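I opened my notebook for a slow walk through one protein model. Here is the picture I kept beside me.

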Amino acid sequence: MQQRRLRTAIWTVAILANLGMVGAYLWINSSNPPPYAVTSGEADVRSEFSLTDHTGRGVTELDYSGRWQLVTFGFTYCPDICPTTLAFVGTTLDLLGPEVENVAPLFISIDPERDTVENMAEYVAAFHPRLIGLTGSPAQIAAAAEEFKVYFEKLENDAAPDGYLMAHTGAIYLMRPDGSFEAVFRERDQDPERLAEEILVRIERERGSG
């Protein structure tokens with residue numbers, strides 16, 4: 001309950017404190033919109049990466065093999081989309097109950113310049129204890145984004161910390177236990193209960209076919 005209150009507070013404060021930056025940020029993202037609906041089937045999207053998790057351990061997609069991956073991209077200085085999406089993901093994880101053990105929630109940074117291991121550890125802990133933060137070198141981040149077909153771009157902004165923002169795709173990817181693509185969602189298109197239900201149905205279906 002305390003963890004959920006903290007996520008809600010962070011969500012609210014992030015939105016209110018950054019109203020002066022949100023308009024431009026959302027305009028940037030609207031010119032490169034993510035999919036507008038849940039999409040299922042085969043796609044040229046793969047979970048393949050070599051990154052460092054928020055504990056400092058080098059990991060690849062194989063470290064999460066056998067679990068469904070719930071993947072988002074973003075950055076810790078994100079003024080709006082990332083806090084909102086991660087709060088949403090955290091609530092979804094709570095709703096999965098015991099099946100949360102079968103899900104690996106991954107938050108991949110697209111801002112390696114600022115998103116150190118230490119910063120990622122502090123950031124993801126605010127949203128859910130199971131959330132895994134991943135960062136790496138610019139080349140590693142670019143390679144991971146390419147596999148997920150994620151758009152991101154560094155944009156100068158005098159009002160932002162360090163003078164820049166990172167525009168990026170705001171999608172939530174659901175990847176199968178073998179790392180292949182299953183579906184993509186957007187936070188605003190359904191509530192956490194619906195997303196949890198979508199995940200639970202797929203877990204049960206996979207179990208039944210095994």
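My entries follow, grouped by topic.

**Ground rules**

I am working with a predicted model, in which local features need pLDDT of at least 70, side-chain atom pairs count only at pLDDT 80 or more, and totals for chains, interfaces and linings use all residues. Residues are numbered from 1 along each chain as its sequence is written, and side-chain values use heavy atoms, with hydrogens and water left out.

**Entry 1: the strand β4**

I began with β4, which covers residues 68-74. Strands here are DSSP runs of E with at least two residues, helices are runs of H or I with at least four, and both are numbered from the N terminus. Is β4 mostly covered or mostly open? I found seven of its seven residues buried. Buried means under 20% relative accessible area, exposed means over 50%, and partly exposed is in between, using a 1.4 Å probe and protein chains only.

In a regular strand the side chains alternate between the two faces of the sheet. I noted that W68, L70, T72 and G74 are buried on one side of β4, and Q69, V71 and F73 on the other.

**Entry 2: who sits beside β4**

Two strands count as paired if DSSP finds at least two bridges between them. I looked up the partners of β4 next. With strand β5 (residues 103-109), β4 pairs in the parallel sense over seven bridges, and L70 stands opposite P105. With β9, β4 pairs in the antiparallel sense over four bridges; there T72 has I172 as its bridge partner.

I also checked V103, which lies in β5. Its relative accessibility is 1%, so V103 counts as buried. V103 and W68 are 35 residues apart along the chain, and their C-alpha atoms are separated by 4.7 Å.

**Entry 3: on to β9 and β10**

Strand β9 (residues 172-175) has both faces covered: I172 and L174 are buried on one side, Y173 and M175 on the other. β9 pairs with strand β10 (residues 181-185), antiparallel, over four bridges. β9 and β10 form a hairpin with five residues between them, and G179 in the turn has a positive phi of about 90 degrees.

**Entry 4: an enclosed space**

Rolling a probe the size of a water molecule over the atoms shows where empty space is left. How many cavities of 30 Å³ or more does the structure hold? I found one. A cavity is a set of points on a 1 Å grid over the protein atoms alone where a 1.4 Å probe fits but cannot get out, and lining residues have an atom within 4 Å of a point. Points are joined across faces, edges and corners, and the volume is the space filled by probe spheres set on them.

The largest cavity has a volume of about 50 Å³. Its lining includes T72, F73, F107 and H168. α3 (81-95) and β4 each supply at least two lining residues, and α3 gives the most, with four. I sorted the lining into six nonpolar, five polar and no charged residues. Nonpolar is Ala, Val, Leu, Ile, Met, Phe, Trp, Tyr, Cys and Pro; charged is Asp, Glu, Lys and Arg; polar is the others, Gly among them.

In helix α4 (residues 117-125), M120, Y123 and V124 are buried. They cover an arc of only 90 degrees around the axis, which puts them on the same side of α4. The arc is that of the directions from the helix axis to the C-beta atoms. On the face turned away from that buried side I found the exposed residues E118 and E122.

In α6, the buried residues are P192, L195, A196, E198, I199, R202 and I203. Their arc is only 155 degrees, which puts them on the same side of α6. The face turned away carries exposed R205, G208 and S209.

**Entry 5: two positive phi values**

Most residues other than glycine have a negative phi, and most peptide bonds are trans. I wrote down K149, which has a positive phi of about 55 degrees although it is not a glycine. K149 is in the loop between α5 (138-148) and β7 (152-156), and is partly exposed at 39%. D162 has a positive phi of about 65 degrees and is not a glycine either. I found D162 in the loop between β7 and β8 (164-168), and at 58% relative accessibility D162 counts as exposed.

Note on methods. On a 1 Å grid over the protein atoms alone, a cavity is a set of points where a 1.4 Å probe fits but cannot get out, and a pocket is an open set with protein on both sides within 12 Å along at least five of seven lines; lining residues have an atom within 4 Å of a point.
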